[in-house]
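Biologist: Could you take me through this model, with the cut-off behind each term?

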Amino acid sequence: MTETLAALRRYVHFLREYEGVREVRLNRAAQQGLARLVAQVKFSSELSPSVGSRRSPSDGAVRIDESKKAPSLGGHVSRPRLPENPSPSNEPPLEITGSSKAEQLRHLAERASVCVKCPHLVARRHSVVFGVGNPDAKLMFVGEAPGEEEDLQGEPFVGRAGQLLTKMIVAMGLTREQVYIGNIVKCRPDMPLGAPGNRKPTKQEMETCVPYLRAQIEVIKPTVMVALGATSVEGLLGPIGTIGSLRGKFLEYRGVPVMPTYHPSYLLRNQSNTEKRKVWEDLLKVMERLEMPISDKQRGFFLKG
């Protein structure tokens, strides 16, 4: 496998140096295959010190792709790097390139699609679930990580919790196409083979992946964000409290108001009108902050007649 990667690096170098090719792109299937190959090499190197000692300083094709990539022919505009995240993270900010928000998000998604920083996640994932929605959205929802359905379909919040989130968005008078939906972690946290359900991402997984979310927020510049669940709040702002103590009160992420509320999966487990009303009251505050019209019917949702 290492010979394959070395041959690929030499071929890319040949194209750039002797054929005048300034940017080399792989289709999605090739990107995923290369990502898995690099992950396997990295994982085997971590298990065997003798293998790791023979690695070159470049440490794989992905680093070459990022640090030595020639300027694009598209006239991309380089944006300033993001300031340091309020929560601890060892990962540096990502450079954002592109002449429009849609292009900037596409470039970030392409970069995320070949990310191999978490080999254990790469080995099990079907897709990188980057985000979906309107690049000019005023409202952004942030979850924790993809589940099984999201991993298979490549889109956030499409399982049972996602269907409930869609109903919440529609109840606000919006559509999924008008908002933006993303997660702290872009790959499904791996589970033992055959094990049901999903697990919470680890602190290390969140710190490794959160630069992608920070870059998404920097590009979109939402007016308000909704943090769905405690993990989302922790990924954005650090371990500052329980979701029960934080929900209903606006926090702030780099000048952007953040409303913490319960994750839709919580409402699937606790379907009383009392709990539904708590989440709806949080969303009503978001609607007020966005200066959206609110009808009497909307104000009365989940209240006893």
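Modeller: Buried means under 20% relative accessible area, exposed over 50%, and partly exposed in between, using a 1.4 Å probe and protein chains only. Helices (H or I, at least four residues) and strands (E, at least two) are DSSP runs numbered from the N terminus. This is a predicted model, in which local features need pLDDT of at least 70 and side-chain atom pairs count only at pLDDT 80 or more, while totals for chains, interfaces and linings use all residues. Residues are numbered from 1 along each chain as its sequence is written, and side-chain values use heavy atoms, with hydrogens and water left out.

Biologist: How many of the residues of H10 are buried?

Modeller: Helix H10 covers residues 230-237, and its buried residues are Thr231, Ser232, Val233, Gly235, Leu236 and Leu237. Among the elements that cover them, with contact meaning heavy atoms within 4.5 Å, are strand E2 (139-143), H9 and strand E4 (224-228). H10 is therefore described as mostly covered, by the buried cut-off of under 20%, and the number of its eight residues that are buried is six.

Biologist: Which side chain does threonine 231 join in a polar contact of 3.1 Å?

Modeller: Threonine 231 has a relative accessible area of 6%, so it counts as buried. Leaving out residues up to four places away in sequence, threonine 231 touches Ile184, Lys200, Pro201 and Met206, among others. A polar contact is a pair of N or O atoms within 3.5 Å; within protein, one must be able to donate a hydrogen and the other to accept it, and residues adjacent in sequence count only if both atoms are side-chain atoms. At 3.1 Å, the side chain joined to that of threonine 231 is that of glutamate 144.

Biologist: What is the volume of the largest cavity?

Modeller: On a 1 Å grid over the protein atoms alone, a cavity is a set of points where a 1.4 Å probe fits but cannot get out, a pocket is an open set with protein on both sides within 12 Å along at least five of seven lines, and lining residues have an atom within 4 Å of a point. The largest cavity is lined by 16 residues, and those nearest its centre are Cys115, Cys118, Arg125, Cys187 and Cys209, while H9 gives the most to this lining, with four residues. Grid points are joined across faces, edges and corners, and a volume is the space filled by probe spheres set on the points. For the largest cavity, the volume is about 130 Å³.

Biologist: Which residues are the closest to the centre of the second largest pocket?

Modeller: The second largest pocket has a volume of about 530 Å³. Helix H7 (148-153), helix H8 (160-171) and helix H12 (264-269) are the elements that give two or more residues to its lining. Of the 19 lining residues, the closest to the centre are Gly147, Glu150, Ala161, Asn198 and Ser265.

Biologist: Is leucine 303 buried, exposed or partly exposed?

Modeller: Leucine 303 lies in the segment after helix H14 (296-299). Its C-alpha atom is separated by 7.1 Å from that of arginine 277, 26 residues apart along the chain. Because its relative accessibility is 48%, leucine 303 counts as partly exposed.
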